Amino acid sequence: MVEMFSQELEDEGRQSSKGNQLKWHSNGLWYKADYTGYEGLSEYMVSHLLAFSSLAQEEYVVYDLEEIKYKTQTYSGCKSKDFSNGCGVTTLERLFKNLYSVGLNKWIYSIQDHKERLKYIVDQVERITQIPEFGKYMVKLLTIDALFLNEDRHTHNISVLMKDNMKLELCPIYDNGASLLSDTSMDYPLGQDIYQLMSQAKSKTFCDNFEEQLDIAEELYGEQIHFHFDYNEVHELLESAEIYDLEIRKRVEAIIMEQRRKYSYLFK
């Protein structure tokens with residue numbers, strides 16, 4: 001357990017689609033407290049299962065579980081290293097607002113065709129940032145989101161890194177806390193049929209269907225990530241997550257294995 005203090009609290013008024021999540025920065029680490037359910041467990045599971053993928057280690061942020069004491073409360077949550085290394089982290093939404101006074105999300109949803117929406121994102125980001133092959137990066141993001149049902153991948157948490165020389169680079173993949181039906185307080189209560197709940201999960205990047213998003217991305221930019229984990233790796237990770245109730249861990253295990261079955265072509 002780690003104790004956090006008010007002076008370490010960051011973005012206290014930070015608003016996401018799921019509400020305000022307490023977040024602290026201390027000694028080169030970020031800490032996030034669970035807010036709507038088991039976001040910390042989702043961050044932990046997704047990032048540790050990415051170790052069983054074709055991604056290089058520097059392509060994603062690793063989250064570990066942590067119990068966090070703040071004032072009189074103790075929260076379950078997670079921690080991760082500060083991946084910015086002193087660089088500025090700029091979301092695509094902020095990047096477009098700074099340049100055009102209009103956010104990227106507004107531009108995206110002014111385009112009716114879903115394929116054209118993704119092409120617009122990729123073409124404009126490559127043009128503005130001079131980062132090559134941004135489409136391949138988007139496929140990686142959207143594959144992870146589809147496999148793990150991440151409902152919160154929008155233009156506020158797709159980011160680029162700004163170096164001292166003003167050069168922009170790809171940002172490691174982060175913020176997967178809204179995966180695996182983690183919102184038990186509002187959208188996905190415990191005790192309900194998970195297969196029915198899974199059918200209700202919706203994506204947010206450029207349309208509300210995970211399969212459609214991924215199909216479009218792969219059609220445009222090819223398959224970019226594959227996995228090689230199975231039940232044993234999932235079960236072992238969850239056995240180490242004892243700060244969460246067994247009911248939650250069993251539910252997460254069932255979700256992951258069903259998604260693995262659904263997207264079996266991603267497993268080599």
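**A charged pair to start**

Author: Glu43 and Lys32 form a salt bridge through their side chains, with 2.6 Å from N to O. Keep in mind that this is a predicted model.

Reader: Which elements do Glu43 and Lys32 lie in?
Author: Glu43 is in helix H1, and Lys32 is in strand S3. So the pair ties together parts that are 11 residues apart in sequence.

Reader: Is Glu43 buried or exposed?
Author: Glu43 is buried, with a relative accessible area of 1%.

Reader: And Lys32, buried or exposed?
Author: Lys32 is buried too. Its relative accessible area is 10%, and under 20% counts as buried.

Reader: Why would such side chains pair up?
Author: Opposite charges can pair when the charged atoms come close.

Reader: How many salt bridges are there in the whole structure?
Author: A search finds 12.

Reader: Give me another one. What does Lys115 pair with?
Author: Lys115 meets Glu219 in a salt bridge, at 2.6 Å from N to O. Lys115 lies in helix H4 (residues 114-129) and Glu219 in helix H7 (residues 210-221), so this bridge ties together parts that are 104 residues apart in sequence.

Reader: How exposed are Lys115 and Glu219?
Author: Lys115 is partly exposed, at 26% relative accessibility. Glu219 is exposed, at 55%.

Reader: Which residues do salt bridges with shared partners join into one network?
Author: Lys32, Glu43 and Asp175.

Reader: Switching topic. What order do the strands of the open sheet take?
Author: The order is S1-S4-S5-S3-S2. Five strands make up this open sheet, and the pairing is mixed.

Reader: Which strands are at the edges?
Author: Strand S1 (2-4) and strand S2 (23-26). Each of them pairs on one side only.

Reader: What does the twist average?
Author: It averages 40° from one strand to the next.

Reader: How do strands of a sheet pair, in general?
Author: Through backbone hydrogen bonds, either parallel or antiparallel.

Reader: How many bridges join S4 to S5?
Author: Eight. Strand S4 covers residues 63-70, strand S5 covers residues 73-81, and they run antiparallel.

Reader: What sits between S4 and S5?
Author: Two residues, and the two strands form a hairpin. Lys71 is in the turn and has a positive phi of about 55°.

Reader: Which residue in S5 is the bridge partner of Lys69?
Author: Thr74. Elsewhere along this pairing, Leu65 stands opposite Cys78 in S5.

Reader: What about S3 and S5? How many bridges there?
Author: Five, and that pairing is antiparallel. Here Lys32 stands opposite Cys78 in S5.
Author: Glu66 meets Lys79 in a salt bridge, at 3.3 Å from N to O. Glu66 is in strand S4 and Lys79 in strand S5, 13 residues apart. Glu66 is buried, at 12% relative accessible area. Lys79 is partly exposed, at 27%.

Reader: Which strands does helix H1 lie across?
Author: Helix H1 (residues 39-49) lies across strand S3 (29-33), S4 and S5. It runs at about 160° to S4.

Reader: On to the rings. How many aromatic pairs are there?
Author: The count is 10. One of them is Phe83 with Tyr174, a tilted pair with 5.4 Å centre to centre and 40° between the planes.

Reader: Where do Phe83 and Tyr174 lie?
Author: Phe83 is in the loop between S5 and strand S6 (88-91). Tyr174 is in the loop between strand S8 (168-170) and helix H6 (194-200), so the pair ties together parts that are 91 residues apart in sequence.

Reader: Is Tyr174 buried or exposed?
Author: Tyr174 is buried, with a relative accessible area of 14%.

Reader: Which rings link into a cluster?
Author: Phe148, Phe227, Phe229 and Phe267.

Reader: Last thing. What lies over the face of Phe267?
Author: Arg260, at 4.3 Å from the ring centre. Trp30 also has a charge over its ring: the charged end of Lys23 sits 4.7 Å from its centre.

Terms used
Residues numbered from 1 in each chain as written. Predicted model: local features only at pLDDT ≥ 70, side-chain atom pairs only at ≥ 80, totals over all residues. Heavy atoms only, no water. Pairing = 2+ DSSP bridges. Helix = DSSP H or I, 4+ residues; strand = E, 2+ residues; numbered from the N terminus. Axes fitted to C-alpha atoms, helices over the stretch in contact; angles between N-to-C directions. Contact = heavy atoms within 4.5 Å. Phe/Tyr/Trp six-rings, centres within 6.5 Å; stacked < 30°, edge-to-face > 60°. Buried < 20%, exposed > 50% of the residue type's maximum accessible area, 1.4 Å probe, protein only. Lys NZ or Arg CZ within 6 Å of the ring centre and 35° of its normal. Salt bridge = Lys/Arg side-chain N within 4 Å of Asp/Glu carboxyl O.
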